[in-house]
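User: I would like to learn how to read the packing features of a protein model. Please take me through them one at a time.

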Amino acid sequence: MSQIEYLIIDWGTTNFRAFAIDGSGQCIDKIERKMGLLSVADGQFSHVLADTLSNWLTDYQQHPIFMAGMVGSANGWLDAGYVETQASILSLAAKIHHFALPWGAPAYIVPGVSHLEPPGITDVMRGEEVQVLGLQGLCANGDFCALLPGTHSKHVAVTQKHISQFSTYMTGEVFSLLVNHSILGKGLPEQVEDRETFERGVFQAQQDRSLLTQLFSARTNLLFKNISPSHVHSFVSGLLIGHELSQVKERVYIVGGEALAKRYLSACQLLGIDAQIFDGDSCFISGIQMIKESINETV
């Protein structure tokens, strides 16, 4: 591992990912842990980071570290603030927070992005801005719409290489709440993913009916044996993703992990939405590298 030049870290609420980058900008190793902010007690971020890296790399203390995600939130290591839309690689680099780690290596935390949508509704993102702007280098396009599925799914418009606007959809979190803490998930057997039932939910979500009304149909379909008890999660997932995608009116790049991105791609294909998947980790690495290269330009 002597080839490492610096480390890139995506540190979110529930997950931690670190990438070792060599002198040519290639990722030569990676670790991933269920070690998000929620698992860090009493603000001991430096201790947790040192313990994690020391179990991975023998010489971790000499490498600069570039971080983004919820690690830069008010509940994270430190509050790196927000850059308002229109946000770009240069504006993020200009506001990056630079500090020294306890072992002497330099560290950087990228700020998030905020967007004010009339009439006075503010939206925010942390970590996704790095992926979206990093996508520019992979898709060779300065104008596009990106969709980043997850707990809080993001739809992001990029115009002339700037994040111009975005919206958050609590699709993943609502799914978890419904299947774990509501009548829709009560007393169900082990769930099996079923494509046909998922597609049924996606199509039903396109009807001109309230989502709240449609969600209850997961219960009635079960009662009247219209869907299998082991496929309820697939139906609810289809309803929620289909409802979210009803807001997509143009070609979209899906950025994320393989399993969830493929589910969204399948729904897009059903609805006639032109979509293409890009790996979330590759976009994140690309974005951090673009910000890193721009830091000196902003000084």
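Analyst: Start with contact, which means heavy atoms within 4.5 Å. Helices (H or I, at least four residues) and strands (E, at least two) are DSSP runs, numbered from the N terminus. The model is predicted: local features need pLDDT of at least 70, side-chain atom pairs count only at pLDDT 80 or more, and totals for chains, interfaces and linings use all residues. Residues are numbered from 1 along each chain as its sequence is written, and side-chain values use heavy atoms, with hydrogens and water left out.

User: Which residues of H5 meet H7?

Analyst: From H5 they are Thr197, Phe198, Arg200, Gly201, Val202 and Gln204; they meet Ser234, Phe235, Ser237, Gly238, Leu239, Ile241 and Gly242 in H7.

User: At what angle do the axes of H5 and H7 cross?

Analyst: Axes are lines fitted to C-alpha atoms, for helices over the stretch in contact, and angles run from 0 to 180 degrees between N-to-C directions. Those of H5 and H7 cross at roughly 35° and come within 7 Å. For handedness, a crossing is left-handed if the near helix is turned anticlockwise from the far one by less than a right angle, and right-handed if clockwise. H5 passes H7 in a right-handed crossing.

User: How do the axes of H4 and H7 run relative to each other?

Analyst: Angles under 35 degrees count as roughly parallel, over 145 as roughly antiparallel, 65 to 115 as roughly perpendicular and the rest as oblique. The axes of helix H4 (residues 171-181) and helix H7 (residues 232-245) cross at roughly 150° and come within 10 Å, so H4 and H7 are roughly antiparallel. This crossing of H4 and H7 is right-handed. H4 contributes Thr171, Val174, Phe175, Leu178 and Val179 to the contact, and H7 contributes His233, Val236, Ser237, Leu240, Ile241 and Glu244.

User: Which residues of H5 are buried?

Analyst: Buried means under 20% relative accessible area, exposed over 50%, partly exposed in between (1.4 Å probe, protein chains only). In H5 (residues 195-204) the buried residues are Thr197, Phe198, Glu199, Gly201, Val202 and Gln204. They pack against helix H6 (211-223), H7 and helix H8 (258-270).

User: What does Gln204 touch?

Analyst: Leaving out residues up to four places away in sequence, Gln204 touches Gln214, Ser217, Asn221, Phe235 and Leu239. Gln204 has a relative accessible area of 12%, so it counts as buried.

User: How many aromatic pairs are there?

Analyst: A pair of aromatic rings is described by the distance of the centres and the angle of the planes. Rings of Phe, Tyr and Trp (its six-membered ring) pair if their centres lie within 6.5 Å; planes under 30 degrees apart count as stacked, over 60 as edge-to-face and the rest as tilted. By this rule there are 10 aromatic pairs. One of them is Tyr6 with Phe66, edge-to-face at 5.8 Å centre to centre, with 80° between the planes. Tyr6 lies in strand E1 (residues 4-11) and Phe66 in strand E4 (residues 65-68), so the pair ties together parts that are 60 residues apart in sequence. Both Tyr6 and Phe66 are buried.

User: Which charged end sits over the ring of Tyr82?

Analyst: The rule is that NZ of Lys or CZ of Arg is within 6 Å of the ring centre and within 35 degrees of the ring normal. Over Tyr82 it is the charged end of Arg126, 4.2 Å from the ring centre. Arg263 lies over the face of Phe198, 5.4 Å from the ring centre.
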